[in-house]
Amino acid sequence: MIALLVRDLRLAVRAGGGFGLGLAFFLLVAVLVPLGVGPEGGTLGRIAPGILWVGALLACLLSLDRLFALDFEDGSLDLLATAPLPLEGAVAAKALAHWLVTGLPLALLSPVLGILLNLPAAGYLWLVVSLLVGTPALSVIGAFGAAVTVGLKRGGLLLSLLVLPLYVPTLIFGAEVVKRGATGAEFATPLALLAAITAGAAALLPFAAAAALRINLR
Amino acid sequence: MELKVSDLAVSRGGLVVLEGLDFALAPGQALVLRGPNGIGKTTLLRTLAGLQPAVAGAISAPPESLAYASHSDGLKAALDVTENLQFWASVHGLDAAAVGAALDAMNLRALARRPAANLSAGQKRRLGLARLLVTGRPVWLLDEPTVSLDTASVALFAAVVRGHLAAGGLAVLASHIDLGLPEAAVLDLGPFRPLRAREAHPPAGGFDEAFA
Amino acid sequence: MSIWEYANPKKFMQTSARVLPWLVALTTAFLAVGLVWAFFFTPDDYKQGATVKIMFLHVPAAMMAINAWIMMLVASLIWIVRRHHVSALAARAAAPVGLTFTAIALVTGALWGQPMWGTWWAWDPRLTSFLILALFYLGYMALWAAVENPDTAADLTSVLCIVGSVFALLSRYAVKFWNQGLHQDSTILKVGEKDPLDPAYYLPLVVCILGTVLLFVTLVLVRTRTEIRARRLAALLARERSA
């Protein structure tokens with residue numbers, strides 16, 4: 001599993017594209033929204049938690065279709081499926097690699113974009129915390145979607161259609177944590193629920209994703 | 001250690017393509033699958049590798065003994081030759097010594113640091129075959145292994161397969177050209193084609209019957 | 001005689017052909033009686049006026065929108081556990097029907113919401129949940145349409161249906177948490193409590209609900225028969241190509 005993780009990270013760094021693009025996309029969302037909404041700080045500050053979470057979610061979605069598709073095309077997925085490593089472990093390792101190159105940098109970059117969007121000062125810590133806790137769920141859920149659509153032509157479009165509804169609870173609780181953190185309200189409940197979704201998804205979805213991969217490989 | 005196939009039927013796209021297959025391989029033996037394009041050589045190898053379920057019959061082999069090499073080599077263009085091999089070696093729990101041996105066996109030492117993106121088709125193929133050596137598995141399932149190899153590389157490949165067999169390994173090879181392995185048994189797949197096309201997993205009672 | 005005999009396509013086609021005319025007649029009768037009763041022989045609400053009669057379409061459609069998904073979940077589980085083809089095809093057949101009921105619930109809800117709340121749409125938990133449910137139906141149907149091999153499609157959509165059900169349930173609670181909403185709670189099962197549904201509406205509503213359940217069963221049966229024929233056609237074409 002570690003070998004697979006190291007390989008995927010190395011590929012992400014060498015091929016460049018992947019996580020640089022996701023971050024650039026995230027930045028663009030944060031720049032475009034004020035251009036569309038208007039420069040008024042109060043409005044921006046109020047919608048910032050939601051915008052940042054939606055932006056992170058879309059940036060995450062952007063690189064998902066390559067998660068298994070590249071390995072499927074070059075035959076590595078066949079070889080991984082016959083390797084001693086259980087496919088569930090391979091899915092978990094690849095989802096973790098995906099999070100390390102998308103979710104983690106997004107979470108670390110988010111305070112900068114918070115400044116652009118006039119996020120109230122109290123919100124920054126909770127923005128980073130909520131993204132750190134919530135984005136792993138996005139990667140794992142996305143890995144499931146990518147596994148279901150791996151063999152399909154035009155899989156990318158279908159992937160968004162399948163994955164976005166599954167992102168709803170994560171988005172709601174994630175944005176709620178920031179919103180409440182920024183206004184000084186009680187945020188422990190949504191944070192706990194967000195963590196529960198991440199833990200549950202990470203524990204169970206690799207099995208569903210591996211099942212979908214096996215179906216797609218035969 | 002034996003690979004034994006009894007009354008096996010395999011399917012592609014929901015239709016049975018081969019049925020009634022029976023063969024057994026002992027250590028040191030190789031079997032070449034022959035037949036025209038589309039007869040089901042790849043499907044049979046994938047079924048043997050456990051990537052798809054058999055329609056009928058049984059495959060008996062020790063667990064985790066099979067190494068499959070498909071048309072595509074499973075190489076990552078951004079990694080160099082050694083890194084590609086190292087990855088598969090560590091997935092299969094082998095160390096750097098195995099990687100070195102595989103590089104030497106397929107004459108890849110001079111290319112060890114070259115990214116896979118810059119390899120020629122034949123060099124990629126050699127790397128793909130070197131991957132088999134770092135799986136440490138006794139049963140090799142090879143799909144058209146000599147595609148895009150030059151004569152020297154085919155000879156090299158034949159020597160590697162011979163070495164594997166001599167060390168007690170087994171090999172099943174699908175190919176429609178000569179592999180330079182005269183000692184291998186040949187199985188022509190033509191006679192195992194089903195006489196009448198039929199569905200692989202017909203529903204209980206059959207959709208046909210529903211309209212009888 | 002076990003229930004699984006109906007998983008045999010032959011048995012299914014025979015039985016459904018025999019049952020369908022009766023089902024159609026029964027559905028028509030229930031819906032005709034229920035809707036005529038509801039629209040012409042129930043009093044106007046003292047607050048809502050005649051708009052209250054939208055309820056007789058809205059409530060049954062909303063109930064069936066959810067029940068259709070539950071039926072798909074059960075059919076998917078049966079396919080995964082017992083590999084009955086009719087079950088997988090029934091799940092596929094139910095999806096567009098469920099989506100239609102969801103759409104009816106949303107549209108009638110908007111028509112009812114405009115005079116009552118002064119808005120066609122509000123991001124109320126119930127409304128939002130139904131919109132999300134519609135997205136789940138769309139994704140499920142798109143996956144069926146995208147995968148060529150019917151057995152692969154059945155397997156993948158079943159896995160999606162199971163995972164989707166968990167997330168649909170999660171979304172329901174997340175959305176409730178997110179916004180408290182305008183929509184009133186359901187009053188059908190509130191007999192004996194305060195603020196119950198008026199008895200004058202109760203009986204016609206029950207007739208309408210039964211009619212809608214029958215309509216759903218009829219439509220799913222018809223569509224499953226179509227899917228079985230389509231599957232048979234695809235098998236014949238594949239055989240012809242390979243022969």
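Which residue of strand 4 of chain B stands opposite Ala9(B)? The residue facing Ala9(B) there is Ala56(B), and that pair is a handy way into the fold. A word on the ground rules: this is a predicted model, in which local features need pLDDT of at least 70, side-chain atom pairs count only at pLDDT 80 or more, and totals for chains, interfaces and linings use all residues. Residues are numbered from 1 along each chain as its sequence is written, while chains are lettered from A and ligands numbered from 1 in the order in which they are written.

Let's start with chain B as a whole. Chain B has five helices and eight strands, where helices (H or I, at least four residues) and strands (E, at least two) are DSSP runs numbered from the N terminus. Read from the N terminus, the elements go β-β-β-α-β-β-α-α-α-β-α-β-β. Along the principal axes, the C-alpha atoms of chain B fill a box of roughly 65 × 35 × 30 Å. Of the 212 residues in chain B, 43% are buried, and a residue is called buried if 20 or more other C-beta atoms lie within 10 Å of its own, exposed if 12 or fewer, and partly exposed in between, with C-beta atoms placed from the backbone. Count the chain B contacts with a separation of 6 or more, and 75% of them join residues 24 or more positions apart; two residues are in contact if their C-beta atoms, placed from the backbone, lie within 7 Å.

Now back to the sheet. Three strands of chain B make an open sheet in the order 2-1-4, with antiparallel pairing; strands pair if DSSP finds at least two bridges between them. Its edges are strand 2 (15-25) and strand 4 (56-60), each pairing on one side only. On average, neighbouring strands are turned by 30° against each other, direction ignored. Helix 1 (residues 41-48) of chain B packs on this sheet and touches strand 1, strand 2 and strand 4, its direction making about 125° with that of strand 1. Such angles run from 0 to 180 degrees between N-to-C directions, with axes fitted as lines to C-alpha atoms, for helices over the stretch in contact.

Strand 1 (residues 3-12) pairs with strand 2 of chain B over seven bridges, and with strand 4 over four bridges. On the strand 2 side, Leu8(B) stands opposite Leu21(B), and Ser11(B) has Val16(B) as its bridge partner. Strands 1 and 2 of chain B form a hairpin with two residues between them, and Gly13(B) in the turn has a positive phi of about 55°. Gly13(B) counts as partly exposed because it has 13 C-beta neighbours inside 10 Å.

Finally, over to the other chains. In chain C, helix 2 (residues 55-82) has 28 residues and reaches 40 Å from its first C-alpha to its last, close to the 40 Å expected, that is, 1.5 Å times one less than its number of residues. Just after this helix, Arg83(C) takes a positive phi of about 55°.
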